[in-house]
Amino acid sequence: PEVVVALVDAAGKERARQKLGPLAAPLDLDPKRLPFRFEGAKPAAGWRVVLDPDGKIPEITEENNGEQVGG
């Protein structure tokens, strides 16, 4: 399925979203990546980049779908 990333502020409000297209499965056990950038965004403390913010991709766990940004 299509990969979606969102920029979420400390209060949980989505500030930006990007659709990146499909991500190849890591059948060779090498991580796959898609570059992206939130142009003009100025993340502050507590902001996060969240992968699959709508939870559409079935996974065993979604605990690794976010990363702190800003500072």
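Me: What volume does the second largest pocket have?
Reply: In this predicted model, the second largest pocket has a volume of about 150 Å³.

Me: Which residues line the second largest pocket?
Reply: Its lining consists of Pro1, Glu2, Val3, Val4, Arg17, Lys19, Asp52, Pro53, Asp54, Lys56 and Ile57. The elements that give two or more residues to this lining are S1 and S2.

Me: And which element gives the largest share of the lining of the second largest pocket?
Reply: That share comes from S1, with 3 residues.

Me: How many charged residues are in that lining?
Reply: The lining of the second largest pocket has 6 charged residues, together with 5 nonpolar and no polar ones.

Me: Moving on, how much space lies in the largest pocket?
Reply: The largest pocket holds about 600 Å³ of space. It is lined by 23 residues, and the closest to its centre are Val3, Leu23, Lys32, Arg33 and Leu51.

Me: What is the make-up of the lining of the largest pocket by class?
Reply: The lining of the largest pocket has 16 nonpolar, 3 polar and 4 charged residues.

Technical notes
Residues numbered from 1 in each chain as written. Predicted model: local features only at pLDDT ≥ 70, side-chain atom pairs only at ≥ 80, totals over all residues. Heavy atoms only, no water. 1 Å grid on protein atoms, 1.4 Å probe; cavity = no way out; pocket = protein on both sides within 12 Å on 5 of 7 lines; lining within 4 Å. Points joined across faces, edges and corners; volume = space filled by probe spheres on them. Nonpolar A, V, L, I, M, F, W, Y, C, P; charged D, E, K, R; others polar. Helix = DSSP H or I, 4+ residues; strand = E, 2+ residues; numbered from the N terminus.
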